[in-house]
Amino acid sequence: MYRRLLVNGRGTWNPSLWMCLTVLLLSGCSTVAITGRKQLMLVSDAEVLSLSNQSFNEYMKTAKPSTDAQNTAMVERVGRRIAEAVETYLTEHGRAADVAQFSWEFHLVQDPTPNAFCMPGGKIVVNEGLLPYTQNEDGLAIVLGHEVAHAVAKHSAERISQQLLLSYGGGVLGAALHTKSSMTQALAQEVYGLGAQYGVALPYSRSNENEADRLGLIFAAMAGYNPQAAVAFWQRMAQNSQKVPEFISTHPSDATRISNIEKLLPEAMKYYKPR
């Protein structure tokens with residue numbers, strides 16, 4: 001991709017495009033909380049939130065809220081505790097501007113599929129079909145911590161930014177910047193694939209999933225939920241998951257994920273203070 005962008009038709013380096021790309025990368029970088037990973041950001045928070053809210057509202061028009069008052073209250077309670085703990089941590093570590101971007105919502109919907117998803121800004125949906133696997137509040141906290149992590153790490157905005165950069169590779173970078181808004185909208189429709197074809201947002205990359213696992217364990221622990229519940233939860237999920245070879249999957253395999261989580265637990269336990 002970089003060679004296609006930086007080399008002209010005669011096969012020589014194009015200094016002007018290299019300079020444009022360098023400026024773009026330097027001005028569009030941000031840092032993920034706790035992990036410290038640098039990420040490319042070519043879209044603003046306001047732009048991403050506007051587009052994601054549109055998609056989320058369309059989804060909720062067809063979704064059926066759960067009629068189970070007890071489980072609905074549990075999802076909201078656990079989600080709020082995690083969100084409050086995360087916001088406190090971010091504020092205390094000089095990231096109050098990030099906190100201002102969140103408008104947390106936690107929904108339980110009538111869907112037998114064991115799944116959950118998060119939209120930028122903190123709109124999180126849990127399917128009823130996931131609750132037999134979470135079993136209790138600690139298990140649910142593993143799921144909600146993971147989804148909150150996707151929002152905090154701005155993984156959706158990062159995906160859109162990466163696709164924008166790939167799109168720029170086919171032409172002159174400066175000219176492409178003028179059409180960034182329309183391109184962003186088109187890419188957002190792809191990333192927030194909440195229609196009949198996908199049912200939920202398109203899957204994140206393996207690296208994003210691994211980062212969300214790490215942050216999610218820490219966020220659950222911050223809220224007073226035992227991160228050790230993650231191993232049993234993923235073992236239960238593995239017993240009923242469709243087996244997809246890891247090399248063609250955007251998600252880590254069940255065995256790989258469980259192994260990674262076991263390695264991450266010592267770090268997460270440092271944040272754990274039982275409720």
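**View 1. Helix H13 and its neighbours.** The buried residues of H13 pack against helix H7 (137–152), helix H11 (206–222) and helix H12 (229–240). This is a predicted model, where local features need pLDDT of at least 70 and side-chain atom pairs count only at pLDDT 80 or more, while totals for chains, interfaces and linings use all residues. Residues are numbered from 1 along each chain as its sequence is written, and side-chain values use heavy atoms, with hydrogens and water left out. Helices here are DSSP runs (H or I, at least four residues), numbered from the N terminus, and contact means heavy atoms within 4.5 Å. Which residues of H13 are buried? They are Arg257, Ile258, Ile261, Leu264, Leu265 and Ala268. Buried stands for under 20% relative accessible area, exposed for over 50%, and partly exposed for anything in between (1.4 Å probe, protein chains only).

**View 2. The length and bend of H13.** Helix H13 runs over residues 254–269, and its 16 residues should span 22 Å at 1.5 Å a residue; the end C-alpha atoms are 22 Å apart, which agrees. The expected span is 1.5 Å times one less than the number of residues. Where does H13 bend? Look at lysine 263: the helix bends there by about 35 degrees, and proline 266 follows within four residues. The bend is the angle between axes fitted to the seven residues ending at a residue and the seven starting there.

**View 3. Glutamate 209 meets arginine 257.** These two form a salt bridge, with their closest N and O atoms 2.6 Å apart. Glutamate 209 sits in helix H11 and arginine 257 in helix H13, so the pair ties together parts that are 48 residues apart in sequence. Both glutamate 209 and arginine 257 are buried. A salt bridge here is a side-chain nitrogen of Lys or Arg within 4 Å of a carboxyl oxygen of Asp or Glu.

**View 4. Lysine 154 and its two aspartates.** Lysine 154 forms a salt bridge with aspartate 45, the closest N and O atoms being 3.1 Å apart. Aspartate 45 belongs to helix H3 (residues 45–62) and lysine 154 to the loop between H7 and helix H8 (155–168), 109 residues apart. Lysine 154 also forms a salt bridge with aspartate 98, and here the closest N and O atoms are 3.7 Å apart. Is aspartate 98 buried or partly exposed? At 15% relative accessibility, aspartate 98 counts as buried, while lysine 154 is partly exposed at 21%.

Note on methods:
Helix = DSSP H or I, 4+ residues; strand = E, 2+ residues; numbered from the N terminus.
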